[in-house]
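Please look over the protein below, first its sequence and then its fold, before reading the briefing.

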Amino acid sequence: MQFKKTKYFNSMTHKEIELPFGTYYFCNNIVISELNEGVHFDWDKCSMMINKILEFYGEDCKIGFISNRINNYSVDPNNWVRAHSEYNFMIASAIIIYQNSSYKVATLEKYFSQKN
């Protein structure tokens with residue numbers, strides 16, 4: 001379910017950021033991502049997203065990150081390793097899935113993340 005269709009959308013202060021590959025909701029210390037169908041989330045896209053996060057929250061931010069997988073897409077799992085080593089702003093991450101195939105991909109990605 002899209003974040004904007006949940007009961008939390010109007011009750012949480014947030015800023016909606018649209019990028020060519022997905023929509024991001026910047027809430028208080030939490031980012032919710034909803035990538036577009038069929039996207040391959042490579043380092044260029046990850047870097048663009050990180051720059052937007054740092055512009056909004058500040059260079060020394062510590063945030064949680066929720067990937068709301070409403071669509072099917074692929075992620076370069078090395079993004080996790082690189083983002084943690086170069087930026088280290090994420091204190092927690094979660095992946096919300098709706099399909100069994102997404103569960104398998106999320107399980108694989110979990111091995112590359114250094115955060116719970």
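This is a predicted model: local features need pLDDT of at least 70, side-chain atom pairs count only at pLDDT 80 or more; totals for chains, interfaces and linings use all residues.

Residues are numbered from 1 along each chain as its sequence is written, and side-chain values use heavy atoms, with hydrogens and water left out. The protein has three helices and seven strands, where helices (H or I, at least four residues) and strands (E, at least two) are DSSP runs numbered from the N terminus. Their order along the sequence is β-β-β-β-α-β-β-α-β-α. Of its 116 residues, 40% count as buried, a class that means under 20% relative accessible area, with exposed over 50% and partly exposed in between (1.4 Å probe, protein chains only).

- Rolling a probe the size of a water molecule over the atoms shows where empty space is left.
- On a 1 Å grid over the protein atoms alone, a cavity is a set of points where a 1.4 Å probe fits but cannot get out, while a pocket is an open set with protein on both sides within 12 Å along at least five of seven lines, and lining residues have an atom within 4 Å of a point.
- Grid points are joined across faces, edges and corners, and a volume is the space filled by probe spheres set on the points.
- The structure holds one cavity of 30 Å³ or more, and the largest cavity has a volume of about 200 Å³.
- Among the 18 residues that line the largest cavity, Phe41, Met49, Phe65, Val75 and Trp80 are the closest to its centre.
- At least two lining residues of the largest cavity come from each of E3, helix H1 (43-57), E5 and helix H2 (78-86).
- The lining of the largest cavity divides into 13 nonpolar, three polar and two charged residues, where Ala, Val, Leu, Ile, Met, Phe, Trp, Tyr, Cys and Pro count as nonpolar, Asp, Glu, Lys and Arg as charged, and the others, Gly among them, as polar.

- Strand E3 (30-35) and strand E5 (63-68) are the elements that give two or more residues to the lining of the second largest pocket.
- By class, nine residues in the lining of the second largest pocket are nonpolar, two are polar and none is charged.
- Met1, Ile96 and Tyr98 also make a nonpolar surface patch of about 300 Å²; patches are made of residues with over 30% relative accessible area and no salt bridge, with like charges joined within 9 Å and nonpolar side chains (Val, Leu, Ile, Met, Phe, Trp, Tyr) within 5 Å.
- Met1 lies in the segment before strand E1 (14-19) and is exposed, with a relative accessible area of 53%.

**Salt bridges**

- Side chains of opposite charge can pair when their charged atoms come close.
- The structure holds three salt bridges, each being a side-chain nitrogen of Lys or Arg within 4 Å of a carboxyl oxygen of Asp or Glu.
- Lys4 pairs with Glu16, their closest N and O atoms being 3.5 Å apart; Lys4 lies in the segment before E1 and Glu16 in strand E1, so the pair ties together parts that are 12 residues apart in sequence.
- Asp42 and Lys45 meet through their side chains at 3.8 Å, N to O; Asp42 is partly exposed at 23% relative accessible area, and Lys45 is partly exposed at 23%.
- Arg82 pairs with Glu86, with the closest N and O atoms 2.8 Å apart, and because these residues are four apart in helix H2, about one helical turn separates them.

**Backbone and loops**

- Most residues other than glycine have a negative phi.
- Asn29, in the loop between strand E2 (22-27) and E3, has a positive phi of about 65° although it is not a glycine.
- Asn88, in the loop between H2 and strand E7 (90-96), has a positive phi of about 55° and is partly exposed at 35% relative accessibility.
- Lys62 is found in the loop between H1 and E5, and its C-alpha atom is separated by 5.7 Å from that of Met90, 28 residues apart along the chain.

Terms used
Accessible areas come from the Shrake-Rupley method with a 1.4 Å probe; for residues, only the protein chains shown count as cover.
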